[in-house]
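Let's take a friendly walk through the sheets and helices of this model. Have the structure open and follow along.

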Amino acid sequence: MKYIIGGLSRAALRDITGGQLDKCAELNKCDIQSCIDFNCIIHTNPCLAYCSQVGCRELACGNYSTTK
Amino acid sequence: MLLWVMKFKKSRYNHFIDLEDNTFLCYNALSNSLAVAAREDYNAIMSVLHNPNDDWGKDERMAKIKEDLFNGSFLQEEIFDEVAFLQMKNKIGRFGQSALSLTIAPTMACNFDCSYCFEKQDSTSMTDETAEALLHFISEKTKGLAQLSVTWFGGEPTLRLDIIEKLVAGLQKIAHERNLLFPPMGIITNGYLLDKTAAKKLKELNIQNAQITIDGAPKIHNMRRPLKNRQGTFERIIQNIIDCKDIIGIHIRVNIDKQNITHIDELLDILQEKGIAGKTPLYFSNVQANTAACADLSTVCFTNREHSALVVNLLKKLLDRGIGNITYPSPHHFGFCTADRYNGYVIAPNGNLFKCWCEIGSDSAQSVGSIGEHIPDALQINNLARYLNWDPFQNEECRACDILPVCSGGCPYNASQSASGKVCIDFRHNLKEMLALKHAEIKHKGGLL
């Protein structure tokens with residue numbers, strides 16, 4: 001098995017405060033910071049598709065990549 | 001080792017997709033992880049999943065498979081209740097007090113006359129008094145919160161950049177005073193007025209992403225999205241995208257229905273020829289006849305299932321052209337959108353508060369309150385209760401669904417209009433095809449080395 005999209009790590013998945021994701025923002029791992037918080041609205045409303053078109057995927061820490 | 005003393009079970013959110021190249025995909029909707037495995041490993045992986053508590057530790061290959069499955073959440077501890085966990089996160093996200101998420105319309109005026117517009121004609125813009133009241137409202141609502149997120153909407157928001165500028169100054173002041181994380185904002189625009197000067201202004205204001213809609217090649221786009229005086233808009237929008245794409249992030253949305261579906265190839269030709277395709281993300285959305293203003297469109301709209309299949313075909317074409325940008329599921333553990341969240345509002349220029357973008361252009365009968373001191377009336381309370389009491393975990397089909405973590409019950413507005421109380425997202429119908437396309441895209445980009 002080879003992971004090609006890491007998805008949420010166990011720590012990020014079980015972090016119910018969103019703190020793990022805030023940490024990514026602080027580290028500037030993502031340039032679309034509204035995506036980092038799962039409270040994100042721009043990329044989910046009204047169109048779910050918008051979110052994944054931003055290109056912020058595929059980062060092992062939980063979906064969000066440095067590139068877009 | 002902990003792995004060998006814990007008791008396991010397989011996750012209810014596992015998906016496996018056969019590929020043509022003697023491999024298969026393993027996807028878990030809870031962690032949202034995607035792995036590729038050799039066909040010869042299929043039986044071994046299934047053996048571990050079906051009998052996770054057998055003594056696999058003696059066999060190095062099987063032990064590694066077990067560890068891999070655990071890391072991607074394909075295997076869970078036996079006592080871990082995945083649905084209860086999701087239900088808890090859903091409540092925390094929707095009713096927790098960490099962020100205020102706002103969509104603000106500085107004006108309902110628009111320079112376009114789109115054939116499928118879901119908003120009624122209205123040219124109200126936000127007055128200085130309302131802008132002041134809005135900032136006061138936001139200042140009060142963000143007491144004790146950690147984050148403020150804002151998206152600009154309309155009407156056509158670029159018609160009133162002056163109002164946006166004034167509001168952003170106030171928002172930045174509030175964010176500073178309250179020590180709020182205030183991430184870059186986005187704007188939904190038709191793109192006609194988004195020239196270089198406007199793009200630079202938006203960037204200055206920390207509005208770093210714009211969504212622009214193009215509905216096909218020039219002829220069909222201009223029929224569907226003309227100026228109020230019926231003049232075409234295609235050429236100018238394309239030029240604006242070319243001029244602005246290196247200043248702010250631009251995402252192209254293509255609304256599809258039965259009237260323009262045959263014109264998409266031509267659009268892709270043009271986007272490639274102009275050097276836009278591949279550099280500017282593009283996605284397809286379904287025209288929906290979901291408000292009174294566009295109810296007569298129902299005969300030209302695709303059903304969700306039809307749309308899901310069409311999107312797969314369109315994305316295959318993008319991939320064939322080397323454009324990519326295949327949609328990947330997004331975790332929705334903390335609710336779906338502004339509408340089902342306590343601390344989320346769509347704000348009309350007159351200060352009325354709504355829960356959904358679909359409703360801002362209707363009338364105040366859909367509102368849930370207003371930014372002033374006004375006490376919500378019974379109708380507004382009912383509207384708010386309809387969204388906040390909506391709960392996918394009360395719907396047996398949603399509760400049992402194997403993609404619930406990336407759906408969270410789907411669009412609450414559509415759910416409220418549906419007899420079944422839910423409208424499934426595209427991934428319900430096309431998950432396997434979409435994951436296969438994502439894999440092909442990653443492979444194409446060299447991500448499978």
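At what angle do helix 11 and helix 16 of chain B pack, and how far apart are their axes? Keep in mind that this is a predicted model.

## Two helices in chain B

Helix 11 (residues 304–320) and helix 16 (residues 426–444) of chain B pack at about 10 degrees, and their axes lie 9 Å apart. Angles under 35 degrees count as roughly parallel, and therefore helix 11 of chain B and helix 16 of chain B are roughly parallel to each other.

On the helix 11 side, the residues making the contact include Val311(B), Val312(B), Leu315(B) and Leu319(B). Helix 16 of chain B contributes, among others, His429(B), Met434(B), Leu437(B) and Ala440(B). By class, the residues of this contact divide into 7 nonpolar, 5 polar and 5 charged.

## The sheet of 9 strands

Chain B also holds an open sheet of 9 strands, with mixed pairing and the order 11-10-9-8-7-6-12-13-14. Its edges are strand 11 (282–286) and strand 14 (369–370) of chain B, each of which pairs on one side only.

Within this sheet, strand 6 (residues 99–104) and strand 7 (residues 147–152) of chain B run parallel and are joined by 6 bridges.

Helix 11 of chain B returns here: it lies across strand 10 (249–256) and strand 11 of chain B. Relative to strand 11 of chain B, helix 11 runs at about 160 degrees.

Which strands make up the open sheet of 4 strands, and in what order? The order is 1(A)-4(B)-3(B)-2(B), with antiparallel pairing. Strand 1 (2–5) of chain A and strand 2 (14–18) of chain B are the edge strands, and the twist from one strand to the next averages 25 degrees.

Strand 2 of chain B runs antiparallel to strand 3 (residues 23–28) of chain B, and 5 bridges join them. Here Asp18(B) stands opposite Phe24(B) of strand 3. Helix 2 (residues 42–50) of chain B lies across strand 2, strand 3 and strand 4 (33–38) of chain B, at about 165 degrees to strand 2 of chain B.

Methods. Residues are numbered from 1 along each chain as its sequence is written. Chains are lettered from A and ligands numbered from 1 in the order in which they are written. This is a predicted model: local features need pLDDT of at least 70, side-chain atom pairs count only at pLDDT 80 or more; totals for chains, interfaces and linings use all residues. Side-chain values use heavy atoms; hydrogens and water are left out. Axes are lines fitted to C-alpha atoms, for helices over the stretch in contact, and angles run from 0 to 180 degrees between N-to-C directions. Angles under 35 degrees count as roughly parallel, over 145 as roughly antiparallel, 65 to 115 as roughly perpendicular and the rest as oblique. Contact means heavy atoms within 4.5 Å. Ala, Val, Leu, Ile, Met, Phe, Trp, Tyr, Cys and Pro count as nonpolar, Asp, Glu, Lys and Arg as charged, and the others, Gly among them, as polar. Two strands pair if DSSP finds at least two bridges between them.
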